[in-house]
Amino acid sequence: MSAASDLDLDHLLGAARLAAAAGAGIVLEAFGAARNVREKGPGDWVSDADTASETAVQSVLHDAAPELAFFGAETGGVRADVGWFVDQLDGTANFVHGFPVVGVSVALVADGVPVVGVVQAPMLGDVYSAFLGGGAFLNDEPVRVSSRRPERAICATGFPFRAKRHRLPEYFPVFERALLSFEDLRRAGAASLDLAWTSAGVYDGYFEQNLGTWDVAAGALLVREAGGVVSDWQGDDGAWLQSGDIVAGPPDVHARMLELIAGAD
């Protein structure tokens with residue numbers, strides 16, 4: 001596979017937008033009438049809309065670039081040096097409960113770096129998109145991370161539901177320090193949208209643990225292209241893509257979050 005510098009990112013962003021739209025159409029049509037809902041694990045749901053959306057997304061991406069590997073949140077696939085990572089219905093628990101905070105996330109990762117990202121919110125009518133070096137956009141209008149001071153920040157978070165017993169004792173002290181340090185916190189339940197909203201300055205930052213590459217790759221690219229910083233909980237700017245422990249936001253808020261994680265009050 002070609003190096004990232006050889007990729008036609010504009011073409012691949014177009015493919016990602018078409019793929020996200022195909023998945024979003026299925027999700028929107030099924031909203032309020034989820035079928036064959038089952039629990040893969042505690043708090044981890046899947047429905048027929050998940051599988052149908054992933055099939056539609058994969059088909060569009062394959063038609064546009066058949067040489068690229070594909071890895072989906074539901075069916076898995078191939079983790080290659082250059083390949084797609086897709087969450088076809090981010091926020092399935094929200095979807096099942098009729099809460100419209102749901103995203104379709106499509107990212108292209110090359111050599112450990114997201115280079116194309118699209119996050120579509122089917123029920124909200126919003127499409128966030130970016131490619132490496134091209135800026136971040138909401139419905140074709142450029143976006144930037146916020147400029148609020150950390151003490152005025154409203155940050156997003158998510159609970160580590162995939163490993164509650166192991167990670168919650170680590171997470172809770174950080175949650176408490178963040179709640180006391182920032183103006184407020186939000187927990188909407190869809191990582192791709194948490195990151196998209198951070199890129200657009202709706203949220204002033206975001207922190208969570210134990211996510212999948214498909215959850216965060218597209219949204220993290222949005223944050224970076226909108227002028228923000230993305231790292232893991234120790235400040236490493238690359239390890240988050242594998243660990244799923246992510247901190248994202250404008251530089252000042254990102255730095256403050258790392259201080260809180262390290263135990264500074």
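1. The structure is a predicted model, in which local features need pLDDT of at least 70 and side-chain atom pairs count only at pLDDT 80 or more, while totals for chains, interfaces and linings use all residues. Residues are numbered from 1 along each chain as its sequence is written, and side-chain values use heavy atoms, with hydrogens and water left out.

2. The protein has eight helices and 15 strands, where helices (H or I, at least four residues) and strands (E, at least two) are DSSP runs numbered from the N terminus. The radius of gyration is 17 Å, close to the 18 Å that the globule rule gives for 265 residues, so the protein is as compact as a globular protein of that length; this radius is taken over C-alpha atoms, and the rule is 2.2 Å times the number of residues to the power 0.38.

3. Of the 265 residues in the protein, 54% are buried, a word that here means under 20% relative accessible area, with exposed meaning over 50% and partly exposed in between (1.4 Å probe, protein chains only). Among contacts (heavy atoms within 4.5 Å) with a separation of 6 or more, 64% join residues 24 or more positions apart.

4. Q120 lies in strand β7, which spans residues 113–121, and Q120 counts as buried because its relative accessibility is 14%. Leaving aside neighbours within four places in sequence, Q120 is in contact with R17, A20, A21, A24, V102, G103, V104, D126 and V127. A polar atom of the Q120 side chain lies 3.5 Å from the backbone nitrogen of A21.

Definitions and conventions
Polar contact = N/O pair within 3.5 Å; in protein donor to acceptor, adjacent residues only side chain to side chain.
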